[in-house]
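Please load the model in a viewer and keep the selection panel open.

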Number of protein chains: 2
Amino acid sequence: MKRQTAINAFAALAHDVRLGIFQRLVEAGPAGMAAGRIADKLAISPSSLTFHIAHLERAGLVHSRREGRSIIYSADFGAMGSLVDFLTDKCCGGQPEVCRDLGRKQHKAS
Amino acid sequence: MKRQTAINAFAALAHDVRLGIFQRLVEAGPAGMAAGRIADKLAISPSSLTFHIAHLERAGLVHSRREGRSIIYSADFGAMGSLVDFLTDKCCGGQPEVCRDLGRKQHKAS
DNA sequence: TCATTATTTCAAATAATATTGAAATATAAT
DNA sequence: ATTATATTTCAATATTATTTGAAATAATGA
């Protein structure tokens with residue numbers, strides 16, 4: 001993943017509304033969700049939804065497809081994984097044991 | 001991790017200079033790096049470094065300690081891991097197989 | 001104490017991003 | 001063709017973030 005791609009993705013996620021949209025889509029899975037339904041769930045105006053989801057789409061975190069008169073958005077899970085990889089890459093350069101288990105749930109027993 | 005904490009972390013990482021700082025510190029590991037050394041490596045002014053690293057510190061992604069007349073910054077690896085967890089949490093609600101392996105290097109053989 | 005090094009603070013100017021609502025486009029049903 | 005539904009576009013305004021350089025603070029050593 002290119003540096004600027006990662007920056008764009010972080011910027012896209014760094015907003016209450018957009019993070020809300022993305023989380024809904026991550027929960028929804030590959031089936032995705034119609035634009036209007038997302039707007040309803042988050043109680044935002046259609047134009048606000050378009051503005052923010054376009055931001056997520058430019059960042060490559062979501063994709064869209066038309067189904068009848070609805071536009072269905074879905075999360076790009078590959079992009080999400082690449083972003084995580086980017087962040088944890090080169091961790092502790094040469095002493096990777098320090099960074100082991102990053103990117104997963106921590107176990108209770110440390 | 002609280003929602004607003006995640007938003008602050010994403011915002012902190014969504015900038016060329018700050019991402020550069022954070023990556024240097026992730027590479028440096030727990031030993032960290034002095035403020036002046038980071039500024040030199042990234043070719044930015046001291047005041048610019050302070051502005052951006054304060055942003056990272058407010059977001060909880062880095063910590064600082066004084067050593068003599070230097071201030072040593074280091075990445076918070078726990079915060080980085082929590083952020084990754086936050087992002088991949090509730091993935092595909094109920095169908096987690098879709099999200100398996102997120103947060104790790106992808107294997108060549110899919 | 002005085003000078004040197006390391007870092008932070010502050011304020012002013014500039015730049016980037018977000019909000020809002022009305023108008024426009026696209027699809028589908030009658 | 002007309003109407004209803006779904007979504008996007010646009011433009012004006014408001015808000016927030018970034019840059020820059022000079023001055024201030026803090027620690028060390030002569």
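A polar contact is a pair of N or O atoms within 3.5 Å; within protein, one atom must be able to donate a hydrogen and the other to accept it, and residues adjacent in sequence count only if both atoms are side-chain atoms. The model is predicted, so local features need pLDDT of at least 70 and side-chain atom pairs count only at pLDDT 80 or more, whereas totals for chains, interfaces and linings use all residues. Residues are numbered from 1 along each chain as its sequence is written, chains are lettered from A and ligands numbered from 1 in the order in which they are written, and side-chain values use heavy atoms, with hydrogens and water left out.

**Stop 1: chain A as a whole**

Select chain A and colour by secondary structure. It has 5 helices and 3 strands; helices (H or I, at least four residues) and strands (E, at least two) are DSSP runs, numbered from the N terminus. Read from that terminus, the order of elements in chain A is α-α-β-α-α-β-β-α.

Of the 110 residues of chain A, 45% are buried, where buried means under 20% relative accessible area, exposed over 50% and partly exposed in between, with a 1.4 Å probe and protein chains only. The accessible surface of the chain is about 5900 Å², and carbon and sulfur atoms hold 50% of that area; such areas come from the Shrake-Rupley method with a 1.4 Å probe, and for residues only the protein chains shown count as cover. Among contacts in chain A with a separation of 6 or more, 58% involve residues 24 or more positions apart, a contact being heavy atoms within 4.5 Å.

**Stop 2: the sheet of chain A**

Next, select the strands of chain A. They form an open sheet of 3 strands in the order 1-3-2, with antiparallel pairing. Strand 1 (33–34) and strand 2 (62–67) stand at the edges with a single partner strand each, so one side of each has no neighbour in the sheet. Two strands pair if DSSP finds at least two bridges between them.

Strand 2 and strand 3 (residues 70–75) of chain A run antiparallel and are joined by 6 bridges.

**Stop 3: the strands of chain B**

Move to chain B. Its strand 1 (residues 33–34) pairs with its strand 3 in the antiparallel sense over 2 bridges; B:A34 has B:I72 as bridge partner. Strand 2 (residues 62–67) of chain B is also paired antiparallel with strand 3, over 6 bridges, and B:V62 stands opposite B:A75. In the hairpin of strands 2 and 3 of chain B, with 2 residues between the strands, B:G68 takes a positive phi near 60°.

**Stop 4: DNA strand C**

Which residues come nearest to DNA strand C? Of the 19 residues around it, these are A:S47, A:H52, B:G36, B:T50 and B:Y73; a residue is near a molecule or strand if one of its heavy atoms lies within 4 Å of it. Helix 4 of chain A gives the most to this surface, with 4 residues. By class, the surface has 6 nonpolar, 9 polar and 4 charged residues, with Ala, Val, Leu, Ile, Met, Phe, Trp, Tyr, Cys and Pro counted as nonpolar, Asp, Glu, Lys and Arg as charged, and the others, Gly among them, as polar.

Of the atoms of DNA strand C within 4 Å of the protein, 69% belong to sugar or phosphate and the rest to bases. One of A:R18 lies 2.9 Å from a phosphate oxygen, one of A:H52 lies 2.8 Å from a phosphate oxygen, and one of B:R69 lies 3.3 Å from a base oxygen.

**Stop 5: DNA strand D**

Finally, select DNA strand D. It is surrounded by 19 residues, the closest being A:G36, A:T50, A:Y73, B:S47 and B:H52. Sugar and phosphate make up 67% of its atoms within 4 Å of the protein.

A backbone N or O atom of A:G36 lies 2.5 Å from a phosphate oxygen of DNA strand D, and a polar backbone atom of A:I71 lies 3.2 Å from a phosphate oxygen. Helix 4 of chain B gives the most to the surface near DNA strand D, with 4 residues.
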